[in-house]
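This briefing goes through one protein model by topic. Please keep the sequence and the 3D view open while reading.

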Amino acid sequence: MNIKKYYLTKSLNTRRFEKMKEIKYIIITSSKYNGFSALKNRNIIEKLKYKEDNEFSCHFIIDINGTILNIIPEREKAICSRNINYDDKSISIMLTLNKNGKYEKEELISLKKLIHTLKRRYDIKSENILTEFDINGSRKPILF
């Protein structure tokens, strides 16, 4: 599994440098930008540090070709679901979509491998693998 570290800079809107005491969940979400690469999505999240009214981040972004970017260290809190009961105890993964708004096979293979690795590393139960929809009713991940 190819994981590239490309961490966000410190920001109240994206990366607060707050440590998690425990990790119990994996949250899956998706990008709202069809056809954007993982790197382009990461750079969009990085620019949120300049917008006071917009908070979001995740730990991993998976590209349609299966490449995984790690943009926040696993033991730091991300702002994915905007629900503190989950974000304080979860690792979040964002999927990208191709230009037609679909997931690619390579992306889903990488997702399965990453989930398997995280489940073992943090002893996460299968029922604690959630989508953003499960937590806050969001439409994300789209078409999942």
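Is D123 buried or exposed? D123 counts as exposed, because its relative accessibility is 69% and the cut-off for that class is over 50%. The model is predicted, and the points below run from the whole chain to single residues.

**Fold and dimensions**

- The protein chain contains four helices and six strands.
- In sequence order, these elements follow the pattern β-β-α-β-β-α-β-α-β-α.
- The protein chain is as compact as a globular protein of its length, because its radius of gyration is 14 Å, close to the 15 Å that the globule rule gives for 144 residues.
- The C-alpha trace spans about 35 × 35 × 30 Å along its principal axes.

**Burial, contacts and surface**

- Of the 144 residues in the protein chain, 49% are buried.

**Charge**

- The protein chain carries 29 positive and 18 negative side chains.
- The centres of the positive and negative sets lie 3 Å apart.

**Aromatic pairs**

- Two aromatic pairs are found in a search of the whole structure.
- One of them joins Y33 and F36, and this pair is stacked because the ring planes meet at 10°, where under 30 degrees is the limit for stacking. The ring centres of Y33 and F36 lie 5.1 Å apart.
- Y33 has a relative accessibility of 28%, so Y33 counts as partly exposed.
- F36 is partly exposed as well, with a relative accessibility of 24%; the class below it, buried, requires a value under 20%.

**Positive phi angles**

- Most residues other than glycine have a negative phi.
- F17 is not a glycine, yet its phi is positive, near 65°. F17 sits in the loop between β1 (3-5) and β2 (25-34), and its relative accessible area of 39% makes it partly exposed.
- D123, the exposed residue of the opening question, is not a glycine either and has a positive phi of about 55°. D123 is located in the loop between α3 and β6 (129-131).

- Helix α3 covers residues 105-122 and includes H116.
- H116 has a relative accessible area of 46%, so H116 is partly exposed.
- From H116 to K47 the separation is 69 residues in sequence, and their C-alpha atoms are 31 Å apart in space.
- K102 belongs to the loop between β5 (90-97) and α3.
- With 48% relative accessibility, K102 counts as partly exposed, because the exposed class begins over 50%.
- K102 and I64 are 38 residues apart in sequence, while the distance between their C-alpha atoms is 9.2 Å.

**Points to check in the viewer**

- Which loop holds D123? The loop runs between α3 and β6.
- How far apart are the ring centres of Y33 and F36? The distance is 5.1 Å.
- Where does K102 lie? K102 lies in the loop between β5 and α3.

How values were computed: Residues numbered from 1 in each chain as written. Predicted model: local features only at pLDDT ≥ 70, side-chain atom pairs only at ≥ 80, totals over all residues. Heavy atoms only, no water. Helix = DSSP H or I, 4+ residues; strand = E, 2+ residues; numbered from the N terminus. Rg over C-alpha atoms; globule rule 2.2 N^0.38 Å. Buried < 20%, exposed > 50% of the residue type's maximum accessible area, 1.4 Å probe, protein only. Lys, Arg positive; Asp, Glu negative; His and termini not counted. Charge placed at Lys NZ, Arg CZ, Asp CG, Glu CD. Phe/Tyr/Trp six-rings, centres within 6.5 Å; stacked < 30°, edge-to-face > 60°.
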